[in-house]
Amino acid sequence: MRLIDSHNHLQDERLNSMRDAVMNECRAQGVIATVVNGACPEDWSLVADLAKRYGHVIPCFGVHPWYINNLPADWRETLIRFLDEIPSAIGEVGIDGWKKE
């Protein structure tokens with residue numbers, strides 16, 4: 001069976017010490033692609049780095065509603081640069097109902 005993980009945050013720093021093992025296990029279990037979603041401009045470079053390092057990572061760059069009020073002035077230009085620099089998509093624009101404001 002060929003599997004695709006359509007939404008994750010493998011750029012999370014909590015995975016730093018085990019990321020290679022996680023990626024290897026994904027491949028061993030038949031995951032042929034994994035969509036890594038950047039939630040804010042601060043993590044887009046991490047997502048891009050993962051896509052460059054692991055051939056099966058599909059990067060998505062976006063702004064989650066949690067971060068919409070703290071965007072830098074140049075966020076759109078930065079987003080366009082990432083989209084132009086690496087084959088990617090726009091993602092992580094959903095609303096998570098479990099977080100209380």
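Predicted model: local features only at pLDDT ≥ 70, side-chain atom pairs only at ≥ 80, totals over all residues.

A: The buried residues of α2 are Pro-41, Asp-43, Trp-44, Val-47, Ala-48, Leu-50 and Ala-51. Viewed down the axis of α2, these buried residues fall within an arc of 160 degrees, so they line one face of the helix. The other side of α2 carries the exposed residues Glu-42, Lys-52 and Arg-53.

For α2 and α3, the angle is about 5 degrees and the axes lie 11 Å apart. Because angles under 35 degrees count as roughly parallel, α2 is roughly parallel to α3. On the α2 side, the residues that meet α3 are Pro-41, Trp-44, Ser-45, Ala-48 and Lys-52. Their counterparts in α3 are Trp-75, Thr-78, Leu-79, Phe-82 and Glu-85. Pro-41, Trp-44 and Ala-48 are also among the buried residues of α2, whereas Lys-52 is exposed.

Seen from α3, the buried residues are Thr-78, Leu-79 and Phe-82. Down the axis of α3 they fall within an arc of 100 degrees, so they too line one face of their helix. What covers them includes α2 and β3. On the other side of α3, Arg-76, Glu-77 and Asp-84 are exposed.

In α1 the buried residues are Arg-19, Met-23 and Cys-26. Their directions fall within an arc of 60 degrees seen down the axis of α1, so these residues line one face of that helix. Elements covering them include β2, α2 and β3. Asn-24 and Ala-28 are exposed on the other side of α1.

Just after α1, Gly-30 takes a positive phi of about 95 degrees. Gln-29 is placed in the loop between α1 and β2, and with a relative accessibility of 53% it counts as exposed. The C-alpha atom of Gln-29 is separated by 8.5 Å from that of Leu-3, although the two residues are 26 apart along the chain.

The cysteines remain to be considered. A disulfide is a covalent bond between the sulfur atoms of two cysteines. With a cut-off of 2.5 Å between cysteine sulfur atoms, the count of disulfides is zero. Cys-26, one of the buried residues of α1, is in no disulfide, and the nearest cysteine sulfur, that of Cys-60, is 16 Å away. Cys-60 is likewise in no disulfide; for Cys-60 the nearest cysteine sulfur is that of Cys-40, 15 Å away. Cys-60 counts as buried, because its relative accessibility is 8% and the limit for burial is under 20%.

Technical notes. Residues numbered from 1 in each chain as written. Heavy atoms only, no water. Buried < 20%, exposed > 50% of the residue type's maximum accessible area, 1.4 Å probe, protein only. Helix = DSSP H or I, 4+ residues; strand = E, 2+ residues; numbered from the N terminus. Arc of directions from axis to C-beta. Axes fitted to C-alpha atoms, helices over the stretch in contact; angles between N-to-C directions. Parallel < 35°, antiparallel > 145°, perpendicular 65-115°, else oblique. Contact = heavy atoms within 4.5 Å.
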